[in-house]
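Here are my notes on this model, as numbered points. Please read them with the structure open.

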Amino acid sequence: MSDTKILVVDDESKVREHFTEFLKHEGFEVHAAENGEIAINMTRQGLYDVILIDLNMPKVDGMAVLRHLVDHLQESIGIILTGHATIKNAVEAMKIGAYDYLTKPVKMEEVLMVIKRALEFRDLRRENLALKKQLKNKYKFENFIGDSPQMNKVFRVIEKVADTDSTVLILGESGTGKELVARALHYHSSRRDKPLVPVNCGAIPEDLLESELFGHEKGAFTHAIKTRIGRFELADGGTIFLDEVAEMSPHLQVKLLRILQEQEFERLGATKTIRCDVRILAATNKDLDKLVQESAFREDLYYRLKVIPIEIPPLRDRRTDIPLLVHHFLENTSRNKKKKIKGISKDVMRAFMGYDWPGNVRELENIIERMVILTEGTSLTMDDVPEKIARKQVSEQPIKAVIPDEGISLSNAINEYERQLIITALEKAEWVKNRAAKLLNMNRTTLVEKIKKQGIDRVRMAG
Ligand SMILES: Nc1ncnc2c1ncn2[C@@H]1O[C@H](COP(=O)(O)OP(=O)(O)OP(=O)(O)O)[C@@H](O)[C@H]1O
Ligand SMILES: [Mg+2]
């Protein structure tokens with residue numbers, strides 16, 4: 001306890017002496033101040049663990065010392081002492097942030113007890129802060145949900161390549177989570193304290209994109225009235241995320257290739273070459289292979305970007321993630337929208353499992369949000385499900401096959417139909433596998449194998 005420092009602030013010398021003597025005897029390092037001003041100055045010189053503050057002092061009073069402490073000294077704990085206790089003072093001091101409030105005359109044993117408790121409290125608070133920080137650091141994966149074999153594979157690759165400087169090309173349909181992958185990569189790398197600079201190459205007009213990326217010198221073109229730093233320079237030491245990279249013009253593709261090969265570029269209108277230390281991540285929902293074949297994307301650039309490809313499968317190909325995502329979004333939106341939604345009915349989950357999610361996770365997120373806002377109940381039921389999803393519900397009648405103009409993948413469709421039949425049979429059999437197997441006219445072992453292969457999980461299905 002000898003390394004615990006206490007400051008006693010009281011305008012009465014007798015009180016100061018009494019406290020100082022007692023607390024020193026208890027093994028603390030004790031200092032004393034006779035008014036608020038001196039006390040505040042002393043706290044600027046060194047760190048005190050506990051500050052005992054008399055409320056009534058001339059000029060700078062105890063409340064002012066307490067306020068200073070709360071604003072500037074997060075590691076110190078303030079305990080108020082006063083001879084003129086009123087409830088009002090007590091409430092005010094506690095509101096400002098005093099740890100406790102003692103009325104004079106006070107027994108020394110009581111002071112000691114409060115100090116010990118205060119120190120314990122502070123240690124706990126420290127621990128909590130450390131935990132919170134740890135959680136915050138974990139964030140990157142925490143909000144990135146998925147437990148399907150496909151997503152687990154994605155997570156493993158992210159873990160492996162995050163802390164390298166390798167260029168990563170993130171592929172996937174719109175709304176599959178490409179940006180989340182980019183964030184996870186950056187925040188799991190040692191560049192995490194440096195900027196992550198996203199550039200949406202598809203959203204910026206071509207002539208602006210060049211100066212946006214590389215910057216320009218004053219006078220480089222008509223509207224260049226000031227020198228401007230580009231995103232590559234902004235990202236120095238960190239990561240740049242080139243989203244919708246397929247939209248880059250051939251001219252910019254060449255410049256990007258040079259950065260990838262030589263880590264250098266020039267601002268527009270400049271002669272000076274700038275070297276940059278930037279990790280490049282790129283994403284696209286286009287079929288780059290095809291664009292390369294059509295000569296719309298440079299092949300050499302494609303291979304440079306594709307050092308590590310990460311492909312996120314569409315949601316319809318990893319349906320076991322749907323229940324997890326539903327719960328995640330349900331929790332998030334009910335918290336954000338301050339609406340207590342207890343859960344989701346079984347048939348809603350079934351409808352979700354049967355829907356194709358062309359907009360992938362983003363569509364699911366939006367639909368949950370809409371349902372939470374619009375629902376009048378405390379859980380989501382079929383009444384809340386948008387028409388297009390409700391309509392897709394698996395019927396036990398033979399399906400009428402519809403083949404769209406662009407065709408289908410027969411094996412995927414059969415696989416999906418098999419899955420729906422198994423789920424329906426299991427539900428009808430109340431998840432007794434023997435009975436479900438009978439309904440499907442197959443033996444139990446085959447059914448168990450198929451359940452495993454399809455990743456069908458009763459707990460998750462029940463939502
Ligand atoms: N696995 C996931 N877990 C939690 N949230 C996810 C997941 N995947 C996507 N999301 C959420 O879905 C939304 C869309 O994700 P994101 O923006 O990363 O997709 P994208 O692939 O970049 O889409 P686009 O091609 O349209 O830019 C975001 O709100 C994101 O947080
Ligand atoms: Mg995106």
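1. A cut-off comes first: a residue is called exposed when its relative accessible area is over 50%, and buried when that value is under 20%. Keep in mind that this is a predicted model.

2. Leu 410 is where the cut-off is needed. Its relative accessibility is 56%, so Leu 410 counts as exposed. The residue belongs to helix α17, which covers residues 410-428.

3. Five strands form an open sheet, and the pairing is parallel. The order is β7-β10-β13-β6-β14. At the edges are β7 (196-200) and β14 (308-311), each of which pairs on one side only. From one strand to the next, the twist averages 20°.

4. Strand β10 (residues 239-243) runs parallel to strand β13 (residues 279-284), with 4 bridges between them. Phe 241 has Leu 281 of β13 as its bridge partner. In general, strands of a sheet pair through backbone hydrogen bonds, either parallel or antiparallel.

5. What lies across the strands β6, β7, β10, β13 and β14? Helix α7 (residues 178-187) does. Its direction is at about 155° to β6 (168-171).

6. Now the backbone geometry. Where is there a cis peptide bond? It joins Lys 104 and Pro 105, with omega about -5°. Pro 105 sits in the loop between β5 (100-103) and α5 (108-142).

7. Lys 59 is not a glycine, yet its phi is positive, at about 55°. Its place is the loop that runs between β3 (50-54) and α3 (62-72). Buried or exposed, what is Lys 59? Lys 59 counts as exposed, because its relative accessibility is 73%.

8. Lys 338 also calls for a look at phi: the value is positive, about 50°, although the residue is not a glycine. Lys 338 is found in the loop between α13 (321-336) and β15 (343-344). With 75% relative accessibility, Lys 338 therefore counts as exposed.

9. To check by eye: the cis bond between Lys 104 and Pro 105, the positive phi of Lys 59 and the positive phi of Lys 338.

Methods: Residues are numbered from 1 along each chain as its sequence is written. Chains are lettered from A and ligands numbered from 1 in the order in which they are written. This is a predicted model: local features need pLDDT of at least 70, side-chain atom pairs count only at pLDDT 80 or more; totals for chains, interfaces and linings use all residues. Side-chain values use heavy atoms; hydrogens and water are left out. Helices (H or I, at least four residues) and strands (E, at least two) are DSSP runs, numbered from the N terminus. Buried means under 20% relative accessible area, exposed over 50%, partly exposed in between (1.4 Å probe, protein chains only). Two strands pair if DSSP finds at least two bridges between them. Axes are lines fitted to C-alpha atoms, for helices over the stretch in contact, and angles run from 0 to 180 degrees between N-to-C directions. Contact means heavy atoms within 4.5 Å.
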